[in-house]
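Please keep the sequence and the 3D view at hand while reading.

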Amino acid sequence: MGVSERLYYTDSYLTQFEARVVERADEGRRVYLDRTAFYPESGGQAADRGTLGGVAVVDVVDEGERVAHVVERALTGEVVEGRIDWARRFDHMQQHSGQHLLSSVILELFGLATVSVHFGSEISTAEIAAPGFDAVKLTEAERRANEVVWENRPFAVEFVAAAEARDLRKASEREGELRIVSIAGLDRSACGGTHVRATGEIGPIFLRKVEKIRGNARIEFVCGGRAVRRARADYEVLSQVARQFSAALDDVAGLVAAQSEKLAEAEKARRKLAGELASMEGRALWEQTAAGADGVRRVVRRLEKGAIDDELRTLAQGFTARERAEFVAAIGEPAAVLFAVSKDGRNAGAVLKPLLAAEGGRGGGAATLAQGSVPNREALERVVAALLA
């Protein structure tokens, strides 16, 4: 079947090449060449796109010794010209090279190793072996990484026997010949990916945020063109906010904080007033509701959609604050029920909990107030009927 010569191993900048078709599969839509500059998805880096013989390449797959090119339609001819989508390739080169630089800087500054990486279509992430990575470290790592970008240190590629490979940032488990990618005076890593010629071509490196995952810190980053586009998008958003406040961009953070505080205070006041109003409505509702034959005043409130919130609870408690009263609220979607009783009545939690369980639902509560959910409206109606029986 032959072995595919991988031209990108020695020249990441090769965008056009000729090759001989050595095999076809899947009715001519899976093509194998004697040599290729198309990078297959590997090591977290996405596959190249482009054309073969004028036909779009929609995927490139690493099959061990060979590289499969999945094309849009059957490819004819024995010798074909390949063209790489350079914009996509260079973007991947900037992100992958930037990750090597970032990981080596974090190891240099803090002694923290990178345990995994992910290259996405918009953002990339590096998972660091540390339970946390605070804003001070993030800023320092970003500053140092960009310093190395400005130093324009060269990248180099060499092929070394695995047994002879030395000073690698991360030990390789591969045997045979290793492809070593290095940044002068900073990093040596076993890697099969495509990389820039020098750190200056990575462009700006922007570290966006840190998340905790699996006991490690995951850093989100963008490099090069992506960093510029992200900075522009962030600037446009901040500019819109500044215009809303009729303020300078540098004043936005303080103004937003002040407005957030005012909104929080207003919301607190609104909830207090809403609670007081609901309580008054509940008491008024008790006065307006006639007692049943057993002397108990009962009210049923039905809502098509929504949730059991504080206002609904307060309304129920306002109604049941007086003697001999029961309040039932039924919400159709998602199916939920609230049951409140006066102090001289039944035990709300003891009554509702078994009714919910019988319908495959869950919930419970105290003597005067209980609530829960059920799988559907039919189950809800049966629970409501049982409460009113």
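The structure holds 0 disulfides, a disulfide being a pair of cysteine sulfur atoms within 2.5 Å. Cys191 takes part in none, and the nearest cysteine sulfur, which belongs to Cys223, is 14 Å away. Cys223 is likewise in no disulfide, its nearest cysteine sulfur being that of Cys191 at 14 Å.

This is a predicted model, in which local features need pLDDT of at least 70 and side-chain atom pairs count only at pLDDT 80 or more, while totals for chains, interfaces and linings use all residues. Residues are numbered from 1 along each chain as its sequence is written, and side-chain values use heavy atoms, with hydrogens and water left out.

| Residue | Relative accessible area and class |
|---|---|
| Cys191 | 12%, buried |
| Cys223 | 0%, buried |
| Gln94 | 9%, buried |
| Thr320 | 8%, buried |
| Val383 | 2%, buried |

Leaving aside neighbours within four places in sequence, Gln94 is in contact with Val196, Glu201, Ile202, Gly203, Cys223, Gly224 and Gly225, contact meaning heavy atoms within 4.5 Å. Between Gln94 and Ser116, which are 22 residues apart in sequence, the C-alpha to C-alpha distance is 18 Å.

Turning to the strands, 6 of them close into a barrel in the order 2-3-7-6-5-8, with antiparallel pairing, and the twist from one strand to the next averages 45°; two strands pair if DSSP finds at least two bridges between them. Strand 5 (residues 50-52) and strand 6 (residues 55-62) pair in the antiparallel sense over 3 bridges, and Gly50 stands opposite Val57 in strand 6. Elsewhere, strand 9 (residues 114-119) runs antiparallel to strand 10 (residues 124-128), the two being joined by 5 bridges. A hairpin of 4 residues connects strand 9 to strand 10, and His118 stands opposite Thr125 in strand 10.

Thr320 is placed in the loop between helix 5 (310-319) and strand 17 (325-333). Apart from residues up to four places away in sequence, Thr320 touches Ala325, Glu326, Phe327, Ala340, Val341 and Ser342.

The axes of helix 6 (residues 348-358) and helix 7 come within 10 Å and cross at roughly 150°, where axes are lines fitted to C-alpha atoms, for helices over the stretch in contact, and angles run from 0 to 180 degrees between N-to-C directions. Val351, Leu352 and Leu355 of helix 6 make the contact with Val383, Ala386 and Leu387 of helix 7. These residues divide into 6 nonpolar, no polar and no charged, with Ala, Val, Leu, Ile, Met, Phe, Trp, Tyr, Cys and Pro counted as nonpolar, Asp, Glu, Lys and Arg as charged, and the others, Gly among them, as polar.

Val383 is found in helix 7 (residues 377-388), and, not counting residues up to four places away in sequence, Val383 touches Val337, Leu352, Leu355, Glu359 and Val374. The C-alpha atoms of Val383 and Glu359 are separated by 7.9 Å, although the two residues are 24 residues apart along the chain.

How values were computed
Buried < 20%, exposed > 50% of the residue type's maximum accessible area, 1.4 Å probe, protein only.
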